[in-house]
Amino acid sequence: MVLNQENWGGSLRQLIRYGVVGLLSNLLGYLVYLLITWLGVDPKLTVTLFYPLAATIAYSGHAQYSFAYKGGHASGFSRYVVAHVFGYLLNIASLYFFVDVLLYPHQLVQLCNIFLVAGFLFVAFKYFAFQSGKEEARL
């Protein structure tokens with residue numbers, strides 16, 4: 001796929017909108033993460049408990065605002081969930097490796113994971129979860 005100037009501008013707008021939605025949802029999620037782990041809950045358990053909640057809350061923001069998704073929400077949401085399953089596994093694997101194996105502080109690792117997983121999810125949402133709905137229109 002070749003990106004012309006119009007496609008590049010559209011992708012940049014999506015990235016900015018994705019960043020706005022992601023910044024708001026991840027800032028709130030990170031503050032909850034710090035609070036829950038400060039209370040003594042394991043970092044991986046905290047991510048496991050709150051990741052699905054934060055992802056579900058962010059769905060409408062990403063579908064409607066970030067990617068202007070026009071397809072069916074049942075199929076869009078199911079692809080969104082699949083993308084998030086891989087995002088969650090990436091997050092947990094990173095926590096395990098950097099915190100449990102290399103002994104880095106979990107607060108710093110989770111802060112970095114926000115950006116790592118966000119980059120992965122932007123590509124997954126753009127090319128998988130929130131495609132323009134063209135394939136659904138053909139059905």
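The following legends describe close-up views of a predicted model.

**View 1. Overall architecture of the predicted protein.** The protein contains five helices and zero strands, arranged along the sequence in the pattern α-α-α-α-α. Of its 139 residues, 37% count as buried. Among contacts in the protein with a separation of 6 or more, 75% join residues 24 or more positions apart. The accessible surface of the protein amounts to about 8,700 Å², and carbon and sulfur atoms contribute 73% of that area.

**View 2. Packing of helix α2 against helix α3.** Two packed helices are described by the angle between their axes and the distance between the axes. Helix α2 spans residues 43–66 and helix α3 spans residues 73–101; they pack at an angle of about 145 degrees, and their axes lie 10 Å apart. The crossing of α2 and α3 is right-handed.

**View 3. Residues at the contact of α2 with α3.** From α2, the contact is made by P43, K44, V47, T48, Y51, A55, A58, Y59, H62 and A63. The α3 side is formed by H73, G76, F77, Y80, H84, G87, Y88, N91, I92, L95, Y96 and D100. Classified by residue type, the contact of α2 with α3 comprises 13 nonpolar, seven polar and two charged residues.

View 4. Because its relative accessibility is 31%, G72 counts as partly exposed. G72 and F130 are separated by 58 residues in sequence, while the C-alpha to C-alpha distance between G72 and F130 is 9.8 Å.

Definitions and conventions: Residues numbered from 1 in each chain as written. Predicted model: local features only at pLDDT ≥ 70, side-chain atom pairs only at ≥ 80, totals over all residues. Heavy atoms only, no water. Axes fitted to C-alpha atoms, helices over the stretch in contact; angles between N-to-C directions. Helix = DSSP H or I, 4+ residues; strand = E, 2+ residues; numbered from the N terminus. Left-handed = near helix turned anticlockwise from the far one by under 90°. Contact = heavy atoms within 4.5 Å. Nonpolar A, V, L, I, M, F, W, Y, C, P; charged D, E, K, R; others polar. Buried < 20%, exposed > 50% of the residue type's maximum accessible area, 1.4 Å probe, protein only. Areas by Shrake-Rupley, 256 points an atom, 1.4 Å probe, with all protein chains shown as cover.
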